[in-house]
Amino acid sequence: MPGTPRERAREQTLSDITRIGRRQLGEVGAAALSLRAVARELGVVSSAVYRYVANRDELLTLLVVDAYTELGDEVDAAVEAAGSAAVDRFTALAGAVRHWAVREPSRYALLYGSPVPGYAAPAERTTSQGTRVVTLIAHILDDAWRAGHLEGGHAGAPPELAADFQAIRDELALAAPDGLIAGTVQAWSALFGAVSFEVFGQYGATTFARPDVLFDYTVQRLAGQLGLRPCAT
């Protein structure tokens, strides 16, 4: 249901602040974000913006949640469109992460790049959206495990990690053994590592003529290591 006129006006103002903040992020970087600049573009005095966003850290949090939400929504849509095969769902997830990151490098950097000096994202506002992708990876693999569609035994992990893996299993309602949960963590870090290397130019400007092909091959190898195999035709 639509809210009151006042609620709609507040929603629109927050949307405008987020839009301007996104552009600032790309132009000057996270550390140089300025509420005064946002106010100037909105055509209002700074005090008017402070009624919606108290300070720079609040603006950063708004942008972090916005970026995580958009990334999660695009990944969810790609996975849903991929069908039921686990390998296709995993591949679609990986491709959607890369597509978003390459299209939105400054927003990706805010989430996965160097920390912004003096800023710590509040867990109570960012964790839910920030863990959507890894949670989906875990459930794709767990569903495949439950259905008996994974190859390999997924041998146990070091006992020193057993309590940590059990906590993950309990939190996400997983049935997967420790070895597969370890594989999930590996897939998560490898996926975002590959994306970060490309987005942040860590491979070098001329090392790979087709970074998209390199990425697809990396994901294919990851899928194989996890026991995911292409469906028989």
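**Terms and the values behind them**

Modeller: Let us begin at the end of a helix: H11 is followed by Gly227, whose phi is positive, near 90°. This is a predicted model, in which local features need pLDDT of at least 70 and side-chain atom pairs count only at pLDDT 80 or more, while totals for chains, interfaces and linings use all residues. Residues are numbered from 1 along each chain as its sequence is written, and side-chain values use heavy atoms, with hydrogens and water left out.

Colleague: What makes up the secondary structure of the chain?

Modeller: The chain has 11 helices and 0 strands. Helices (H or I, at least four residues) and strands (E, at least two) are DSSP runs, numbered from the N terminus. Along its principal axes, the C-alpha trace spans about 65 × 45 × 40 Å.

Colleague: Why is Asp66 called buried?

Modeller: Buried means under 20% relative accessible area, exposed means over 50%, and partly exposed lies in between (1.4 Å probe, protein chains only). Asp66 has 19% relative accessibility, so Asp66 counts as buried. Asp66 lies in helix H4, residues 56–81. Contact means heavy atoms within 4.5 Å; leaving aside neighbours within four places in sequence, Asp66 is in contact with Thr18, Arg22 and Arg107.

Colleague: Is Val134 buried or exposed, and why?

Modeller: Val134 has a relative accessible area of 16% and is therefore buried. Its place is in helix H8. Across the chain of 233 residues, 38% count as buried.

Colleague: Why is Thr127 called partly exposed?

Modeller: Thr127 stands at 40% relative accessibility, so Thr127 counts as partly exposed. This residue lies in helix H7, residues 123–130.

Colleague: What makes Ala173 an exposed residue?

Modeller: Ala173 has a relative accessible area of 53%, and is therefore exposed. Ala173 is found in the loop between helix H9 (162–172) and H10. Its phi is near 55°, a positive value in a residue other than glycine.

Colleague: Which residues of H11 are buried, and what do they pack against?

Modeller: The buried residues of H11 are Phe215, Val219, Leu222, Ala223 and Leu226. They cover an arc of only 100° around the axis, which puts them on the same side of H11; the arc is that of the directions from the helix axis to the C-beta atoms. These residues pack against helix H5 (86–103), helix H8 (132–146) and helix H10 (178–199).

Colleague: What covers the buried residues of H5?

Modeller: The cover includes H4, helix H6 (105–112), H8, H10 and H11. Among the buried residues of H5 are Phe90, Leu93, Val97 and Trp100.

Colleague: What makes a set of residues a nonpolar core?

Modeller: A nonpolar core is a set of buried Ala, Val, Leu, Ile, Met, Phe, Trp, Tyr and Cys residues joined through side-chain atoms within 4.5 Å. In the largest one, which has 60 residues, those with the most contacts inside it are Leu59, Val75, Phe90, Leu93, Val97, Leu191 and Leu228. The largest share of this core, 10 residues, comes from H4. Leaving aside neighbours within four places in sequence, Leu93 is in contact with Val75, Val79, Val133, Leu136, Ile137, Ile140 and Leu191.

Colleague: How many aromatic pairs does a search of the whole structure find?

Modeller: The search finds 6 aromatic pairs. In one of them, Tyr203 and Phe208 are edge-to-face, at 5.3 Å centre to centre and 85° between the planes.

Colleague: Why is an arrangement of rings called edge-to-face?

Modeller: Rings of Phe, Tyr and Trp (its six-membered ring) pair if their centres lie within 6.5 Å; planes under 30 degrees apart count as stacked, over 60 as edge-to-face and the rest as tilted. At 29% relative accessibility, Tyr203 counts as partly exposed, and Phe208, at 38%, also counts as partly exposed. Elsewhere, ring pairs link Tyr68, Tyr108, Tyr112, Phe192 and Phe200 into a cluster.
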